[in-house]
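This briefing covers a protein chain and its ligand.

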Amino acid sequence: MGSGNFSWRLRRVYGSAVTRNGGGSILSEFWAPLCAVGSHGPGGANAQVCLSVFGASIVPERPRLLVVLWKGNYTHELVLAAGTMAITVLAEGQEGLLAPLGLRSGRAGPKLEGLAWRPTAEGDPVFAGGAGWLRARVIEGFDLGDATAFLVGVVETGEGTGRPLRWQAAQRVVGEAFLATWAEKSARDRAEATRRMRWLG
Ligand SMILES: Cc1cc2nc3c(=O)[nH]c(=O)nc-3n(C[C@H](O)[C@H](O)[C@H](O)COP(=O)(O)O)c2cc1C
């Protein structure tokens, strides 16, 4: 099967049947830069890939973000319990982090081993080589059914290097093995989300 088919299936993961002239969904414009969202628990630190991180404040000295984490993710469980998270904005060239952090769950065993990261004061992981990073505390979690939208207050930010990595670009370089695994995982995740999500009507 060619990568074009995979790309189309992947667009459908976060997109819809609404297409633009270029063939992609207008909804893909809402994909945030790819981030590693991490937290910690008794078993140590864990992190996941996330493209649902959105600005949510107009007051510079009170920066907030909305971070949407699926309930099935181990990181979701850790953030709920710890109330803190660290976010690394991944940089172009860090596509290699997408498989260990985005295809596997920390529930299956520690997944940060061998990766370059440091803990924040709280114990949340910040990854080396990112375009930037921040520490945040949860203000409130909004129940979406299948996911929680965490409203977080940013307590510290740090600069990195490189340009933020976008899923639109990353899809073209991760390779077919990644895309095949991602397609299978996404099908399972979508079925679960369909059962649990709040929706119209
Ligand atoms: C490109 C990409 C984007 C993703 N975006 C999100 C997202 O916005 N929210 C989310 O909860 N999971 C997202 N995921 C899925 C998690 O990264 C994935 O389920 C991960 O294995 C969870 O790990 P954990 O169980 O250790 O927390 C994304 C994965 C990839 C590869």
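**Overview**

Of the 201 residues in the protein chain, 28% are buried (20 or more other C-beta atoms within 10 Å of a residue's own, with C-beta atoms placed from the backbone). The model is predicted: local features need pLDDT of at least 70, side-chain atom pairs count only at pLDDT 80 or more, and totals for chains, interfaces and linings use all residues. Residue numbers start from 1 along each chain as its sequence is written.

**Fold**

- The protein chain has five helices and nine strands (DSSP runs, H or I of at least four residues for helices and E of at least two for strands, numbered from the N terminus).
- From the N terminus on, the order of elements is α-β-β-β-β-α-β-α-β-β-β-β-α-α.
- Among contacts in the protein chain with a separation of 6 or more, 67% join residues 24 or more positions apart (a contact is a pair of C-beta atoms, placed from the backbone, within 7 Å).

**Ligand shell**

- There are 22 residues around the ligand, and Ser52, Thr75, Gly102, Ser105 and Gly106 come nearest (a residue counts if its C-beta atom, placed from the backbone, lies within 6 Å).
- Two or more residues of the shell come from each of strand 2 (44-50), strand 4 (64-70), helix 2 (74-82) and helix 3 (98-102).
- Strand 2 gives the most, with four residues.

**Nonpolar core**

- The largest nonpolar core has 36 residues (buried Ala, Val, Leu, Ile, Met, Phe, Trp, Tyr and Cys joined through C-beta atoms within 7 Å).
- Cys35, Ala36, Val37, Val67, Met85, Ile87 and Leu90 have the most contacts inside this core.
- Leaving out residues up to four places away in sequence, Ile87 touches Cys35, Val37, Val53, Trp133, Leu134 and Ala136.

How values were computed: A residue is buried if 20 or more other C-beta atoms lie within 10 Å of its own, exposed if 12 or fewer, and partly exposed in between; C-beta atoms are placed from the backbone. Two residues are in contact if their C-beta atoms, placed from the backbone, lie within 7 Å.
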